[in-house]
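Hi,

Here is the structure I said I would pass on. Have a look at it first, and then read my notes below.

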Amino acid sequence: MTVPLPPLPPAADDAYRPGGRSVADLVDTEHRALLGLADRVTDPALDAAGRGEVLDVLTAAVSRHLSAEEQYLFPAARAAMPDAAELVQREIEADAGLLTALKELSGADDPAVADVAERVRCHVSRVAALVTPLREVASDAELIRLGNRWEIAEEAAPTRPHPGTPATPPWNKIVEPAVGVLDKVRDAVTGRRTRLSDLEHRREG
């Protein structure tokens, strides 16, 4: 069973390999970054200002990651691995719980930050159980094409938690970019940090 994606160009054949990164590799890379942010935001040696900036970046990273995941990874897993449908549904529910927990935080000193960090760690562990078998059943071309769409989805994704938005296609592919525009306007106005590179620049400075 193949992953549902738009058709290849007419000249493409079975040997066609698009350019870009595999969705599985992207997920693994982002998961490592999320784990690092979860560790940093709960580091007792971090001052309040530093923890607030890390929390902003973690919130934005999780929001973008879950948006792309629900638009492309989960539908692909469902199509390629019918037995994974129940696991995907549970993960969609867990994603909503993580977004809700992020939205309800009162600030960087909220004791619930530790719970959010643990939810992130659990997310990484559970989704790995989907990515590993997906590598085995999807072709390299399919994984790369999914990766290309993942990266586009993340660029347009929200940077703040919106647990009430649709979590499955087609509606999430319509709503999430619209919400993402509003989030980015707010980020620009407030000067909010949303990228891991923002934290590295601060550390170097």
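This is a predicted model: local features need pLDDT of at least 70, side-chain atom pairs count only at pLDDT 80 or more; totals for chains, interfaces and linings use all residues.

A quick definition before anything else: helices (H or I, at least four residues) and strands (E, at least two) are DSSP runs, numbered from the N terminus. With that in hand, Leu-55 is found in helix H2.

Residues are numbered from 1 along each chain as its sequence is written, and side-chain values use heavy atoms, with hydrogens and water left out.

Now the overall picture. Buried residues (under 20% relative accessible area; exposed is over 50%, partly exposed in between; 1.4 Å probe, protein chains only) make up 43% of the 205 residues. Take the contacts (heavy atoms within 4.5 Å) between residues at least 6 apart in sequence: 79% of them join residues at least 24 apart.

Back to Leu-55. Is Leu-55 buried or exposed? Leu-55 is buried, because its relative accessible area is 8%. Leaving out residues up to four places away in sequence, Leu-55 touches Val-41, Leu-105, Gly-107, Ala-108 and Val-113. Of these, Gly-107 is 52 residues from Leu-55 in sequence, and their C-alpha atoms are 8.5 Å apart in space.

The other part I looked at is helix H5. At 1.5 Å a residue, its 17 residues (140-156) should span 24 Å, and the end C-alpha atoms are 25 Å apart, which agrees; the expected span is 1.5 Å times one less than the number of residues. Among the buried residues of H5 are Leu-143, Leu-146 and Trp-150. The buried residues of H5 pack against helices H1 (23-41), H2 (48-80) and H4 (113-137).

How do H1 and H5 sit together? They pack at an angle of about 50°, with their axes 7 Å apart. Axes here are lines fitted to C-alpha atoms, for helices over the stretch in contact, and angles run from 0 to 180 degrees between N-to-C directions. H1 and H5 are therefore oblique to each other (under 35 degrees is roughly parallel, over 145 roughly antiparallel, 65 to 115 roughly perpendicular, the rest oblique). On the H1 side, Val-23, Leu-26, Val-27 and Glu-30 meet Leu-143, Leu-146, Gly-147, Trp-150, Glu-151 and Glu-154 in H5.

Cheers
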